Amino acid sequence: MKENKLFGVVGHPIRHSLSPVMHNAVFKKLGLNYSYSAFDIEKNDLDVFLNRCREMNFLGLNVTVPHKVDIIRYLDDLDENARLINAVNTIKFEDNMLLGYNTDGLGCVRALEERGERIGGKRILILGAGGAARAIVFQCALEGAEIAISNRTMDRAMRLAREIREKLNKRVLVVNFSESSIRDIIPTTDILINATSVGMYPKIHRSPVSSDVLDPRLTVMDIVYNPIETQFLRNAKRIGCKTIDGVGMFVHQGAESLRIWLDIKPPIDLMRKVVVEKLV
Ligand code: ATR
């Protein structure tokens with residue numbers, strides 16, 4: 001038996017996280033005697049928690065809501081993505097140092113690529129300007145997409161667009177979060193991504209935009225994965241769009257974390273299967 005190594009996800013609340021079952025399935029499949037647990041930690045206890053992990057020789061952590069920004073102050077260094085996005089979802093413990101990464105945006109891009117979508121040069125409209133949207137917008141901008149953002153709170157979208165302009169020297173279009181404004185930009189959009197929380201369980205009948213704005217030419221992606229088929233995706237599928245569910249991004253952000261921690265090729269199909277089994 002190989003050496004035991006400890007991993008986990010830290011958030012608050014955390015009991016519904018699918019990360020433990022997904023990562024433990026990978027370790028089992030690869031014959032690794034590693035374990036991955038969920039830790040419900042409040043903001044004020046993060047420091048003590050991280051020190052405890054250090055003492056116990058943890059190798060890696062995922063970080064989820066609401067700690068992705070607050071945890072940065074306790075880390076020794078950040079990779080380029082985490083620094084740009086100013087949020088961390090993955091920590092690697094290396095030589096007693098805590099290194100922060102962000103794999104959320106890359107997870108989204110990998111999920112698109114897996115379904116045959118190339119990002120460079122594509123016109124992508126992202127709905128939302130929260131934590132998840134930020135990661136996606138930065139990654140898509142880095143990959144050379146033309147980006148438009150639409151968010152209920154316009155000011156938040158404007159600030160994100162300004163940040164992209166300042167940090168990456170790239171223009172981002174900000175679109176009013178109204179059906180008519182979104183309809184106007186759809187003819188010049190290739191990929192439409194819902195990066196808001198609209199449609200997430202339990203309010204499963206909500207959709208960020210109505211079917212009226214959709215066009216069969218679009219590839220439509222939702223980052224909400226509970227339910228797997230959201231109302232938004234159902235509408236898009238009905239009118240003939242190619243649809244990509246949120247499980248893909250969840251699986252790929254986890255897969256990218258595994259690459260960082262262990263330098264392995266993660267078994268994507270198994271990871272997806274385990275997550276889908278838990279969701280249906
Ligand atoms: P996350 O980290 O999951 O992205 P977040 O930072 O709270 O969570 O962001 C949630 C996103 O969903 C935001 O873009 C939010 O819009 P606001 O910036 O206007 O709050 C969006 N959102 C949440 N509920 C919404 C609703 N009912 N209609 C439209 N957008 C909504």
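Modeller: We shall take the sheet, then the helices, and then some details of the backbone. Please bear in mind that this is a predicted model.

Colleague: In what order do the strands of the open sheet run, and what kind of pairing do they have?

Modeller: In general, strands of a sheet pair through backbone hydrogen bonds, either parallel or antiparallel. Here six strands form an open sheet in the order β2-β1-β3-β5-β6-β4, and the pairing is mixed. The edges are taken by β2 and β4 (77–78); each has a single partner strand, so one side of each is left without a neighbour in the sheet.

Colleague: In what sense do β1 and β3 pair, and over how many bridges?

Modeller: The pairing of β1 with β3 is parallel and extends over five bridges. For F7, the bridge partner in β3 is G60.

Colleague: Across which strands does α1 lie?

Modeller: Helix α1 lies across β1, β2 and β3, and its direction is at about 170° to β2.

Colleague: Which residues of helix α1 are buried?

Modeller: In α1 (residues 19–29), the buried residues are S19, P20, M22, H23, A25, V26 and F27. They pack against the strands β1 (5–11), β2 (34–40) and β3 (58–63), and also against the helices α9 and α10 (268–279). After α1 comes G31, with a positive phi near 70°.

Colleague: How is the packing of α4 against α9 to be read, and at what angle do their axes cross?

Modeller: Two packed helices are described by the angle between their axes and the distance between the axes. For α4 (residues 104–114) and α9, the axes come within 7 Å and cross at roughly 120°. Because of that angle, α4 is oblique to α9. The crossing of α4 past α9 is right-handed. On the α4 side the contact is made by D104, L106, G107, C108, R110, A111 and E114, and on the α9 side by G248, M249, H252, Q253 and E256. By class, this contact of α4 with α9 has four nonpolar, four polar and four charged residues.

Colleague: Is H252 buried or exposed?

Modeller: H252 belongs to helix α9 (residues 247–262). The cut-off for a buried residue is under 20% relative accessible area. H252 has 7% relative accessibility and therefore counts as buried. Leaving aside residues up to four places away in sequence, H252 touches G107, R110, A111, E114 and I268.

Colleague: Turning to the backbone, which residues are joined by a cis peptide bond, with omega about 5°?

Modeller: That bond joins V65 and P66, and P66 is in the loop between β3 and β4. A cis peptide bond also joins Y201 and P202, where omega is about 10°. P202 is in the loop between β10 (191–194) and β11 (219–222).

Colleague: Which residue has a positive phi of about 60° although it is not a glycine?

Modeller: That residue is N57, in the loop between α2 (46–55) and β3. N57 has a relative accessible area of 63% and is exposed. D95 is not a glycine either, yet has a positive phi of about 50°. The place of D95 is the loop between β5 (90–94) and β6 (97–101). With a relative accessible area of 73%, D95 is exposed.

Key
Residues are numbered from 1 along each chain as its sequence is written. This is a predicted model: local features need pLDDT of at least 70, side-chain atom pairs count only at pLDDT 80 or more; totals for chains, interfaces and linings use all residues. Side-chain values use heavy atoms; hydrogens and water are left out. Helices (H or I, at least four residues) and strands (E, at least two) are DSSP runs, numbered from the N terminus. Buried means under 20% relative accessible area, exposed over 50%, partly exposed in between (1.4 Å probe, protein chains only). Contact means heavy atoms within 4.5 Å. Axes are lines fitted to C-alpha atoms, for helices over the stretch in contact, and angles run from 0 to 180 degrees between N-to-C directions. Angles under 35 degrees count as roughly parallel, over 145 as roughly antiparallel, 65 to 115 as roughly perpendicular and the rest as oblique. A crossing is left-handed if the near helix is turned anticlockwise from the far one by less than a right angle, and right-handed if clockwise. Ala, Val, Leu, Ile, Met, Phe, Trp, Tyr, Cys and Pro count as nonpolar, Asp, Glu, Lys and Arg as charged, and the others, Gly among them, as polar. Two strands pair if DSSP finds at least two bridges between them.
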